Amino acid sequence: MLKNQYDYIICGGGASGLLLAYRMCNDPYFKDRSLLLIEKDPKDRNDRTWCFWESGEGDLEAMVHKTWNHAYFNADDFEMDFSLQPFRYKMIRSLDFYQSMKSKLAEFDQLTQIKASVSHIKDGWVTTEVQSYQGGMVFSSIYNPKSLSHQKKYPVLLQHFVGQVVQTQKPCFDPDKIEFMNFKVPQKGNTRFMYVLPLGRNKALLEYTLFSQNVLERKEYKDAIADFLKELPTGGYEILEEEEGKIPMTCYRFDLKNNSKLLHIGTAGGWTKPSTGYTFQRINEKTKELVDFLKKGQPLSRFGKRTRFWFYDLLFIDVLAKDNANGAKLFKKMFEKNSPEVIFQFLDEKSTLWQEFQIMRSFDVGQFVKALLKRLF
Ligand SMILES: Cc1cc2nc3c(=O)[nH]c(=O)nc-3n(C[C@H](O)[C@H](O)[C@H](O)COP(=O)(O)OP(=O)(O)OC[C@H]3O[C@@H](n4cnc5c(N)ncnc54)[C@H](O)[C@@H]3O)c2cc1C
C-alpha cells in the first residue's frame with residue numbers, strides 16, 4: 001500500500017495535469033513537498049494533435065512536430081492568404097508530449113505516479129478503486145460534461161470534429177500554409193468549416209469542424225472530409241490516422257466549483273477559450289501562473305480572475321448559440337476588417353482596448369447589443 005498523504009494531488013495526467021506536475025517538480029520551491037499524479041489511462045497513443053500560435057521559441061519547442069508561417073481563410077465571397085508573422089503556427093503530437101513528459105517526470109523523487117481511476121474528490125480526499133489519498137491541495141483535470149447540462153444560464157456549444165491524416169498520391173498541399181478556417185463546406189444551418197494542416201505536399205491532417213450544440217454521426221464528418229478531398233487533385237489517398245474531439249465552448253463558471261483545497265484545471269477548470277475552443281497554449285501559460293500563485297500561499301479559490309475577455313466571449317457565444325448559421329459571417333467580418341496579427345492577439349487576450357473596439361466595430365453591432373441587453377435584463 002502506498003502512503004496516503006501528499007502535499008499536492010493532481011487528478012488526470014493529460015495536458016494540464018502533466019504540465020502542472022512538470023512545472024511544480026522543476027521549481028525548487030516544491031522540492032521537499034510530496035506530489036501524487038493519478039491517471040487512469042496508459043497514455044500510449046497519439047489520441048490528439050495540439051496546435052497553437054506563438055511568437056518565437058516556446059518552452060515546449062523540442063516537442064514541436066511541425067510549424068507553419070502562412071495561413072488561408074475563406075468565408076462566403078471573401079478569401080485571404082496571409083503571413084502569420086510575428087507568430088508561427090505550431091503542432092505538437094500528444095504521444096510525443098506524453099512520452100517526453102513521462103521521461104522528464106521519472107527523474108523527480110518527490111513525485112509519485114499511479115494508474116487508477118478517481119471516483120470521488122471531497123475535502124482534500126481523493127478516492128480511487130485502489131485506495132483513498134489525502135492532499136493538502138487537489139488539482140483536478142477530470143472533466144464532467146454533465147455539470148454543464150444541468151444549467152441554462154450559459155449556452156454550451158461544442159467545437160466538435162473528426163480529423164484524418166491522409167496521404168495522397170499526388171502533391172496537393174502547400175507544406176507552409178495551413179487552412180485556418182475554410183468555410184466553403186455546406187453550412188447546413190450551423191457553423192461548419194474545414195481545417196487543414198499540411199504535413200508535406202502529399203500529407204495533411206484535415207479536420208471537419210463544427211461550432212454547434214449537437215454532435216453528428218461519425219460518418220457525416222468522414223463524408224465531409226471525403227467530399228472536400230474530391231475537389232483536390234489527390235490522385236487517390238489513404239487514411240493513416242483518425243482522431244475526434246468534443247471541446248466545450250462556454251462561459252459557464254467552472255471556477256465556482258473550486259474551493260480552498262480544490263482547483264479544477266485544464267478544460268475542467270474553464271481554461272478552454274470559449275469562442276474558439278483553443279486550450280493548449282492557455283494550459284501552458286496558466287500552469288506557469290499557477291505555480292507562481294502557489295508559491296505566494298494564497299487560497300486556491302482566488303486563482304484566476306475573470307477579465308473583460310470572458311465578457312466578450314459570453315456575448316459571442318450567446319450570439320452564435322442563438323443563430324448558429326451565423327459563424328461564417330462573423331469570422332468573415334473579423335478577418336475582412338482587421339489584421340491577422342491583431343486578431344491573434346485578441347484571441348490570445350493580449351490586445352489593447354482600442355484594438356478590441358476596432359474588432360467590435362467589424363461586427364453587426366445590433367446582434368451584440370441585443371445579447372448584451374438580454375444579459376443585463
Ligand atoms: C482530439 C483533440 C484535439 C485537440 N486539439 C487542440 C488544438 O489543436 N489546440 C488546442 O488548443 N486545443 C486542442 N484540444 C483541446 C485541449 O487542448 C485538449 O483537450 C487538452 O488535452 C485538454 O487538456 P486537459 O488536461 O484539460 O484534459 P486531458 O488532456 O483530456 O486530460 C485529462 C486526463 O484525465 C484523465 N481522466 C479522466 N477521468 C479520470 C478519472 N476518473 N480518473 C483518473 N484520470 C482520469 C484522462 O484520461 C486524461 O488523461 C483538442 C482536444 C481534442 C480532444
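Domain bounds, as I use them here, come from an automatic or database domain assignment. On that basis the protein is divided into domain 1 (5–48 + 91–150 + 251–302), domain 2 (157–249) and domain 3 (308–376). Please note that this is a predicted model, in which local features need pLDDT of at least 70 and side-chain atom pairs count only at pLDDT 80 or more, while totals for chains, interfaces and linings use all residues. Residues are numbered from 1 along each chain as its sequence is written.

I begin with the domains. The C-alpha centres of domain 1 and domain 2 lie 31 Å apart. Two residues are in contact if their C-beta atoms, placed from the backbone, lie within 7 Å. By that criterion, eleven residues of domain 1 are in contact with seven residues of domain 2. On the domain 1 side, the residues touching domain 2 comprise four nonpolar, five polar and two charged. Here Ala, Val, Leu, Ile, Met, Phe, Trp, Tyr, Cys and Pro count as nonpolar, Asp, Glu, Lys and Arg as charged, and the others, Gly among them, as polar.

Next, the overall fold. Helices (H or I, at least four residues) and strands (E, at least two) are DSSP runs, numbered from the N terminus. The protein has ten helices and 17 strands. Its radius of gyration is 21 Å, close to the 21 Å that the globule rule gives for 377 residues, so the protein is as compact as a globular protein of that length. That radius is taken over C-alpha atoms, and the rule is 2.2 Å times the number of residues to the power 0.38. The C-alpha trace spans about 60 × 55 × 40 Å along its principal axes. Of the contacts with a separation of 6 or more, 74% are between residues 24 or more positions apart.

I turn to the sheets. Two strands pair if DSSP finds at least two bridges between them. Seven strands form an open sheet of mixed pairing, in the order S6-S5-S13-S14-S15-S12-S16. Its edge strands, S6 (78–83) and S16 (237–249), each pair on one side only. Strand S12 (residues 157–168) pairs with strand S15 (residues 203–212) in the antiparallel sense over ten bridges, and Gln159 stands opposite Phe211 in S15. Helix H7 (residues 327–337) lies across S5 (70–75), S6, S13 (177–182), S14 (191–200) and S15, running at about 130° to S5. For such angles, axes are lines fitted to C-alpha atoms, for helices over the stretch in contact, and values run from 0 to 180 degrees between N-to-C directions.

Another open sheet, of three strands, has the order S3-S7-S4 with antiparallel pairing. S3 (49–55) and S4 (64–68) stand at the edges with a single partner strand each, so one side of each is left without a neighbour in the sheet. S3 and S7 pair over seven bridges, with Arg88 in S7 as the bridge partner of Glu54. Helix H2 (residues 94–105) packs on this sheet, touching S3, S4 and S7, and its direction makes about 70° with that of S7.

Leaving aside neighbours within four places in sequence, Ile92 is in contact with Trp50, Leu60, Met63, Val64, His65 and Phe97. Across the protein, 37% of the 377 residues count as buried.

Note on methods: Buried ≥ 20, exposed ≤ 12 C-beta atoms within 10 Å, placed from the backbone.
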